[in-house]
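Have the sequence and the coordinates open side by side as you read.

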Amino acid sequence: MDPQTVTVLTQQFFNALTLGAIYALIALGYTMVYGIIELINFAHGEIFMVGAFIAMFFLTSIGFSGSIPDPLTLAAVLALTFLVTMTVLGFIGVGIERFAYRPLRNAPRLAPLITAIGVSFILQNVVQIWRGPSPVNTPQLLTHNVRFDIGAASIGYLNIFIFLVAVVLMVALQLFVGRTRLGRAMRSTAQDREAAQLMGVNINSTIAITFFIGSALAGAAGIVYGLYFGSIQFTIGFVAGLKAFTAAVLGGIGNLAGAALGGFFIGFIEVAAAQIGYARWTPAFVFGVLILVLVFRPSGLLGQPIGERA
Amino acid sequence: MTVEPAVATTQRAAAADDRGPGTDLVLELRGVQTFYGQIQALRGIDLEVRAGEIVTLIGGNGAGKTTTLKTISGLIHPRKGQVLFQGRDVSRFPAHQLVRAGIGHAPEGRRIFSRLTVLENLQMGGYTRSPAERREDLERVMTLFPRLRERVRQNGGTLSGGEQQMLAIGRALMGRPRLLLLDEPSLGLAPILVQQIFNIIREINAQGTTILLVEQNALQALSIAARGYVLQTGRVILADTAERLAANEDVRRAYLGEI
Amino acid sequence: MSQIEDLSRRASASGGGARGRALSPISGFFGRHQSLSVIVGMAIVTTVLPLIVLLPPFSGFNVQRVWLDSFANAGVFVLLALGLNVVVGLAGLLDLGYAAFFAIGAYTYAFGASGFSGNDFPFWPMLLVGAMIAATFGILLGAPTLRLRGDYLAIVTLGFGEIVPLVFLNAEDITKGTNGITGVRRPELGPIEFTATNPVPFYITMAVIVTLVMIFLYRLQDSRLGRSWMAIREDELAAASNGVNTVTTKLLAFALGASTAGFAGVFNASKLTIVHPDQFLFQVSFTILAMVVLGGMGNIWGVAVGAFTVFIIQSVLLKQLNGFFNTFQVPILSDIDFVQYQFLLYGLALVLMMLLRPEGLFPSKRRRRELHTESDEPTDRSPEGLESAAVLQ
Amino acid sequence: MSDAAVAAPERREALLRARRVTKRFGGLVAVRETDLEIPAGSIVSLIGPNGAGKTTFFNVLAGILDPTGGEIEFRGQRMIARPVRAWLEPVLWVLPSVLILLVAVAVFAVTRSVLALQVLVLVAIGLLITTLLLAIIRPLRYRQLLPRFGVFRSARPNDMVTAGVGRTFQNIRLFQNMTVLENVLVGMHSRLHSTAVDAILNSKRHQREEAASRDRARQLLGLVGLRGRDDVIARNLPYGDQRRLEIARALASDPVLLLLDEPTAGMNPRETSEMMALIAKLRSELGLTILLIEHDMRVVMGISDRITVLDHGERIAEGTPEEVRRDPKVIEAYLGRPAA
């Protein structure tokens, strides 16, 4: 292989990793909510989009609209942005659950699904009215120009940062769900809500926590999306949400590790499609993958066979 | 919640006997009416359970036995009437608060968490308790059910029917209930296991837990219970001591399978 | 409301044939002669509508000609909603990419009869061709995915609904991409002229088509197939265990829905004389879904009325409202661009509808029964719990 | 049951024959290498503790679960076995048309004939649609073709119903919001022939069939004791009647073999003996063969010709009620003491 190709491929590899990290973060929310109340939260993609807007709004309103050269300030601002955005988004998620989904928790399946679509449109249009229909520039705290070299390829610190953020959040989530008392309560609630109640688990707050975490993760994805692409629009949630959902299904819905894996997989498919010159067709590739997975392995790559659910 | 210390003390086997049955009402239902939507399942249930007793509910399918238990444990709320637990009206309490208050419920069909390990299932049973208490209770339950100790790392779903029932009862005990509601503990078990489960129930009772038992196998249930209530279409039609119920002609004909 | 519910339930519980149909001699007659009642109903509606718009306040919005034109356009959406109702309301499958089939029908006709393609196939047979091609795509999409549980299907259809406009947009050589195909031929029928200036032929044609489709749907609903749809909606596994081939049955619903959309697509293309990827975006699928939900899933008349009302509100009233408030200089209100809020309103309407009146404005009796299945009904799960999921493998 | 009835099945041929059926869920073996033979005209019971795999075995028989191993013959025809290369099936749907498409490209590359390309592509699309339709409608011929490609997929539940196996569920699964009559009519589905087109055109055949099926449904309702309840919403029926309705619904498909999953679950002794009488009547009057899962030992011992005992997914005994009752393995694992 000639060096040129190697360079391009290395850089594309890191692009895919970054994109995958964003999808993975969104996919986690889908998978968590689905795992606990078996609802495809259609509004989740829009929550991600709202996250991107809130991060932008927060940064500009505290007076940062360009790159921050000083690493300490940068770290502080980033940490603050993550904290604020994720908290706000978490509460938005909890609010949506409280008012739009909880009343329908025992209704036929179609009802909350339709509500979710309704919520998704509300969020989209509220943002459209708030910020207008055209793309909005986001503060580029960490520009793509800050890079380091690996051989012939140069990698942006931003790519590394996004990847690390995603991995840290995912590991933290995995530990939380797998090891803690609250995580156990979440898993029990997912399996048998009534039995969990009889153990003393407050179902409503457990489900609310699930929404909080899922939405906060989508918020994190929104922040890094803004940082990475530099421009956001009210429509980004819809397509990103679909791709992330595909990622969740691909990995096996309800399975956290699967969602992460699926996210990265989708990231790689997209970058590969762009690399061979079919960027405009990426949604088609992604949904092709979705349909193939559903036909041949509906339980996803890491999901347990559906029959095993008891 | 000031109930916790009280629960702890009454756990001691002696506590109930000291005061003597009849004086210490753990549970009282007054004219409880429960609905599923428009359909009335309970049409005014009155019953009481005293500390240290085993009380059993008998009745055909649809008589409202399971609904009565669900109403007590707060899974459904009564539309009319009161559920008094240790003298306090708890009819509006959500289920998870009643667990803290001291009501344990091993529901029909066992309902163990099949994708959690046996240990995690038991830990879930002690969800409302402190880590130290949980460890202590874990030891107690494992002693009661040695089979569970052998299978601590296994997923709940891989246990046999009898082991699952043990896990379900053990899990309910992990919350240190003052009152344990058991719904059809022998359902679907091999006849050979049924006796074993009843022995365990008796043992739990002897250790100081008050038990309200719903059982298809009315004969067995009456053999270990102090008193029983016969339910029919959501009403109590007969209430008496277990011996007298077991001797009652109508009961024998309708529920004990003597045709 | 709960008391009424209670009464009606008690009435039905106590049995007897006194339920619904025999309420009064008139409704009893129309209950037995559904086709006749549809024909009479549609005839009345078709005659009355052009007259009503001559009266204020409707005459204030538009002249009669424009109104009739809107009604013909509304008919397209009534058709679409009726088709989606088969999928969502009768068979209980959530199709979120329904506009894709609409697009396929429209582009089929655009390829078949337009200046751009150079072909000039006659309109009337193309109506059926468009319907069949859309149905074929419905089958192609449904065959592998209908075995899945409902919400997966929703996502797959959503994806399909994204891909189809994308294909029409990107395959520029054959679709002229974003420009769309213009110069699509209008229908021809002997001496009757279908022109942009004379909406009457379109209006009448549409009324006839809607009448026929409604009759067909009512008959289907009461047939063996309609019962199977109902059974699948209630309990798929039990339906399969009673001999219903669930995949075929669902697929048939899917194909019927798709063909109705294809049919509407051909009609729409010939009426607007232009097809364009933007006509078939997700928003269109969403609008149709809103129409079905608001009208009352499963109720054929209800859905038709719902679709008609929503379309008229959206395409006539909201647009006119701006002009109206501007003319009279109403403070605040004159600054609002109501059309921009359209989808926000749909979203709100969907959410509120599901929360407050999930059976829709004009519900079917059966749907109401289902949706008011009480929330705390005991959920009977077999201890082994395998049954419900097993059929989905 | 008389002794004659007990002895007779030995000489009859087996209506259904299950060989070494295994079903695994992940690591859990629910059924292991279990054999079962149901002689025509007999009543066979499947007993064992919960979790012994009875319902799983039942679901395999009914075509709901694919077995991990073993096979099931019904009336001498292999209906159910472990799926072999089932993933090939969707590939087979599209393979012919893809081949033609490739040929089209090849022809175009050589001859540059646009017409040939268009024709071949059209043929490919037509073929694709045809194969898909065939795959969906799946007439018998198509299914018989599959084994030649090394593909075997078990009969689906509806195929089993068409072949003559009716079933009921342990936890009643009626169509709750449909009327009693409609429930039975759905059960009749596989025996009706009018198509969607018939319905749309309201053809004579359709009208005749609808009328006839309603009469037949009422007849069946009479048989199980639900006469005159046609228009009651199923979920408003009392529990015992729901069980009866479920049986009527299963009978509507004219089954040869009826699978009853705990038909007396949750019934009091009086209802139980009524149900036993009904089951006996189904055999004597309709000539049905019956397989039932049951816990109530009085029902099992009183009604069965043969009994199969499952424990931990394995068959531990098989025989007449008397043999099973005395079998030491059964006593040890299940009964505990000679059954009353």
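Leaving aside its neighbours within four places in sequence, T7(A) touches A152(A) and A153(A), where contact means heavy atoms within 4.5 Å. Please keep in mind that this is a predicted model, in which local features need pLDDT of at least 70, side-chain atom pairs count only at pLDDT 80 or more, and totals for chains, interfaces and linings use all residues. Residues are numbered from 1 along each chain as its sequence is written, chains are lettered from A and ligands numbered from 1 in the order in which they are written, and side-chain values use heavy atoms, with hydrogens and water left out.

**T7 of chain A**

- T7(A) sits in helix 1 of chain A; helices (H or I, at least four residues) and strands (E, at least two) are DSSP runs, numbered from the N terminus.
- With a relative accessible area of 14%, T7(A) is buried (buried means under 20% relative accessible area, exposed over 50%, partly exposed in between, with a 1.4 Å probe and protein chains only).

**Helix 1 against helix 2 in chain A**

- Two packed helices are described by the angle between their axes and the distance between the axes.
- Helix 1 (residues 3-37) of chain A packs on helix 2 (residues 44-61) of chain A at an angle of about 130°, and their axes are 10 Å apart; axes are lines fitted to C-alpha atoms, for helices over the stretch in contact, and angles run from 0 to 180 degrees between N-to-C directions.
- Helix 1 of chain A and helix 2 of chain A are therefore oblique to each other (under 35 degrees counts as roughly parallel, over 145 as roughly antiparallel, 65 to 115 as roughly perpendicular and the rest as oblique).
- On the helix 1 side of chain A, I22(A), I26(A), G29(A) and Y30(A) meet H44(A), G45(A) and F48(A) of helix 2 of chain A.
- By class, this contact of helix 1 of chain A with helix 2 of chain A has four nonpolar, three polar and no charged residues (Ala, Val, Leu, Ile, Met, Phe, Trp, Tyr, Cys and Pro count as nonpolar, Asp, Glu, Lys and Arg as charged, and the others, Gly among them, as polar).

**Helix 2 against helix 9 in chain A**

- Helix 2 of chain A also packs with helix 9 (residues 236-251) of chain A, at an angle of about 130° and with axes 7 Å apart.
- That makes helix 2 of chain A oblique to helix 9 of chain A.
- Helix 2 of chain A passes helix 9 of chain A in a right-handed crossing.
- G45(A), E46(A), F48(A), M49(A) and A52(A) of helix 2 of chain A make this contact with I236(A), G237(A), F238(A), A240(A) and G241(A) of helix 9 of chain A.
- The contact of helix 2 of chain A with helix 9 of chain A has six nonpolar, three polar and one charged residues.

**Backbone in chains B and D**

- R111(B) is not a glycine, yet has a positive phi of about 50°.
- R111(B) belongs to the loop between strand 6 (103-106) and helix 5 (118-125) of chain B, and is partly exposed at a relative accessible area of 23%.

**Chains C and D overall**

- Chain C has 18 helices and four strands, and 59% of its 393 residues count as buried.
- Chain D has 14 helices and ten strands, and buried residues make up 56% of its 340 residues.

Methods: Left-handed = near helix turned anticlockwise from the far one by under 90°.
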